[in-house]
Amino acid sequence: MNHDRKLKQLLPNSVTMLGLAFGVSSLNMAFWGQWKYAFFFILLAAVFDFLDGKVARLLGVTSRFGMELDSLSDIISFGVSPGFLMYQWTMDPQVKIKVMEEVSKRSEAIGIGWGIVLFMVMCCALRLARFNTTSDQERPDYWKYFFVGVPAPAGAAITMFPLMLWLATHGQYECFRNPLFVRIFLVFSGIMMASKLPTICFKHLRFSDKTVSILRVVILALIAGTFCFPLWVLSFVCFVYIITIPIGIFYFVKFRRAYELAAPANDSSKDPVNHFSENEEEQSGIHSEEI
């Protein structure tokens, strides 16, 4: 039985390793200036990062080893690789030529831009370490609707948002490549990953039937658009996610207040989201369902 479990564990671990391979390969593509390949390799790493946990839970072989391996993979795929990609992409071509030709000029390539990349990567490492050490801690029920800070794959997407826009416009607008513009997203991504600000966990959101119907149409439209304009769709999704960050903080405060008000009534475990949903259903008669 134990032997069979070890064999089953190979599958999710192999998926994790495949994601890591794409993350490391992105570094190679960025080094040679293959920006689109580098970007899509990180995107594929995110897909496999999503799948490895699903596979492990499906087979019933979740383990501490798998979680640690996943975090080690994430720091490369969503920390080092996006940071290096954005640094290479915004680095002045003439400076790169000097760096390659003259050893004495290599210091020109190390400046505030590289420091900001290091900041983002270290914030990503801090976020993953905090997740590993606090994942077993008990939290109030309303926390299941939120992440602590921005997850690493989402942080990588925010980091690469200027590159998405540049690729979507076929490189016609160099303003997206402006170092200052890029550094803003690097710093913002790093702060959000390292912070303890609540961000929405879409997996557990609940909506009314009418809202679910609208969301289904939107999702189908996005899927169809992905086949025609993939980079524009990805840019739009990333932009919407950034917009949801302050919205998530607003609802977190709302749910926490409801939880604190319910606690004195000997109902400290009551889910504030369900509480709001019940009130809305009583008032409007709309049944809510989970998607």
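Predicted model: local features only at pLDDT ≥ 70, side-chain atom pairs only at ≥ 80, totals over all residues.

Student: How do you know that the span of helix 10 agrees with its number of residues?

Tutor: Helix 10 covers residues 230-262, which is 33 residues, and at 1.5 Å a residue it should span 48 Å. The expected span is 1.5 Å times one less than the number of residues, and because the end C-alpha atoms of helix 10 are 45 Å apart, the two values agree.

Student: Why is leucine 11 called partly exposed?

Tutor: The relative accessible area of leucine 11 is 46%. Buried means under 20% and exposed means over 50%, with partly exposed in between, so leucine 11, at 46%, is called partly exposed.

Student: Where does leucine 11 lie, and which residues does it touch, not counting those up to four places away in sequence?

Tutor: Leucine 11 lies in helix 1, which runs over residues 2-31, and with that exclusion leucine 11 touches Val55 and Leu59. A contact requires heavy atoms within 4.5 Å, whereas the C-alpha atoms of leucine 11 and leucine 59, which are 48 residues apart along the chain, are separated by 9.2 Å.

Student: What makes up the protein chain in terms of helices and strands, and what percentage of its residues is buried?

Tutor: The protein chain has eleven helices and four strands, and buried residues make up 41% of its 291 residues. Among contacts with a separation of 6 or more, 80% come from residues 24 or more positions apart.

Key. Residues numbered from 1 in each chain as written. Heavy atoms only, no water. Helix = DSSP H or I, 4+ residues; strand = E, 2+ residues; numbered from the N terminus. Buried < 20%, exposed > 50% of the residue type's maximum accessible area, 1.4 Å probe, protein only.
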